[in-house]
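Student: I would like to learn how to read helix packing in a model. Could you walk me through it?

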Amino acid sequence: MVSVRAEAAGAAARAEAPQVPAETPVQIKEFGAITKIDFSPEPPYNYAVTASSRIHVYGRYSQEPIKTFSRFKDTAYCATYRQDGRLLVAGSEDGAVQLFDVTGRAPLRQFDGHSKAVHMVDFTADKYRILSGADDYTTKLWDIPNSTEILSFSEHTDYVRCGCASKLNADLLVTGSYDHTVKMFDARVKKSVLTVEHGQPVESVLLFPSGGLLVSAGGRYVKVWDILKGGQLLVSLRNHHKTVTCLCLSSSGQRLLSGSLDRKVKVYSTTSYKVVHSFDYAASILSLALSREDETIVVGMTNGVLSVKHRKPEAKKDPFPRRRRPAYRTFVRGKNYMKKQDDVLVSRPLKTYLQTYDRDLKSFQVSKALDRVLQPRFRVKQPEVTVAVIQELNRRGTLSNALAGRDEKQLSIILSFLIRHLAEPRFAPVLINVAEMVIDIYLPVIGQSPVIDKQFLVLQELVEKEISYQGQLLEALGMMDMLFATMIRKESTSVFDKSNGVSREQEQDSSSMSV
């Protein structure tokens, strides 16, 4: 059977692409038809491009390869990164599977066992085994440390052109073949455990990250299968006009992409499986890949052109925009300015901002205003604010309404505030009235909470002590009043005596003169 992945005739020289903005698609010319593109799962997220007899590694924004692997005797296929991004495996036309270190050039391992071209390779979930499928109808499992063949499956009856290994279970392997079937193999039982009939030569397969859904592409169809239900067909999509050659899944799993020989890339929603977007290209598409977080889409075509398209970065809106401040020269401009006689000073009235409790008072939310000033930053650090709001509520006649309806915690806060500040002379006139209201309101509930009862007892002792101090002060004040009154009487008497003495001496002098 003739493969749809036909290489472009002849090798073309590499064309240097001009520098373009990141949002404009970049066109890079390769040496032949691009059969596979794979992004590294680790930073800096380079991608490997397999074309002709070479593997080129590109940076995400570079237009020239940063590394090249060319140790192939014939055409190379399906270069794939390992999960840690350190190793790269690829198949070839001569049936060999080669393993490369991304920092080197020569292959670390070469696995020989296939008799025909190897079009599919992948790493298992444990990172120590390699899956390969070839045109000799076989699928093999290789051990990396020992460079040996572990298993070989020969259940397909035609070319094995696609496949993948489960990322959740290292023993589950999926392959697609030109015999129209997709098989899932289990390395533990050494045979296939699931087979689904696609109906067309299968060109690409992929597993969802959850491992419960399988997608196959071949002919004009893209089909989704439910593995957990024994391979039940969920949906069959027929949106392309020619053979579908490649599949790709977005990072979030919410979008499924398919590329086709009809030069289109279709984007499906994985919730409704409807086409939500479509991209047009200049030639038939053989491969595609998405970068991490779906920032870059790379498409390889039969004419050897690699199309790299970057998504426009979304402008981030500052949720709290900062107010632009005047420049330094604005302040320096008038530093040495001398006021003239005709100058007029224009002043702007300063806008006053109300406190939160003032806003509550303005909107007649008396309980809310009292709650705000009973918060620690007011009742501990600024008790005068709390007392002022209480006094305002008392003036309005709504203090009892604000105090009523409190639970145990809120009542405990009010009693603690009264106990702490009731004895202060500046607060006593207001807080004594508050204490009377609290007792009148919550007298029926005394005995239901030991905490509140204890606070009421402390408040009672405090009031009794204060009454005792007031009585002693009144006694002292009465004694001082008596002393002051006595001193005033003595002074008035002495003045009167002095005046009488003067008059008597004057009388004696006048009588002597008369004699």
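Tutor: Happy to! Axes are lines fitted to C-alpha atoms, and angles run from 0 to 180 degrees between N-to-C directions. Two packed helices are described by the angle between their axes and the distance between the axes. Keep in mind that this model is predicted.

Student: At what angle do helix 3 and helix 5 pack?

Tutor: Helix 3 (residues 366–373) packs with helix 5 at about 165°, and their axes are 9 Å apart. Angles over 145 degrees count as roughly antiparallel, so helix 3 is roughly antiparallel to helix 5. Their crossing is left-handed.

Student: Which residues of helix 3 and helix 5 meet?

Tutor: From helix 3 come Val 366, Ala 369, Leu 370 and Val 373; they meet Val 385, Thr 386, Val 389, Ile 390 and Leu 393 in helix 5. By class, this contact has 8 nonpolar residues, 1 polar and no charged.

Student: How do the axes of helix 5 and helix 8 cross?

Tutor: Helix 5 (residues 383–396) and helix 8 (residues 428–442) have axes that come within 10 Å and cross at roughly 65°. This crossing is left-handed. Here Val 387, Ile 390, Gln 391 and Asn 394 of helix 5 meet Val 430, Leu 431, Asn 433, Val 434 and Met 437 of helix 8. The contact divides into 6 nonpolar, 3 polar and no charged residues.

Key
Residues numbered from 1 in each chain as written. Predicted model: local features only at pLDDT ≥ 70, side-chain atom pairs only at ≥ 80, totals over all residues. Heavy atoms only, no water. Helix = DSSP H or I, 4+ residues; strand = E, 2+ residues; numbered from the N terminus. Left-handed = near helix turned anticlockwise from the far one by under 90°. Contact = heavy atoms within 4.5 Å. Nonpolar A, V, L, I, M, F, W, Y, C, P; charged D, E, K, R; others polar. Parallel < 35°, antiparallel > 145°, perpendicular 65-115°, else oblique.
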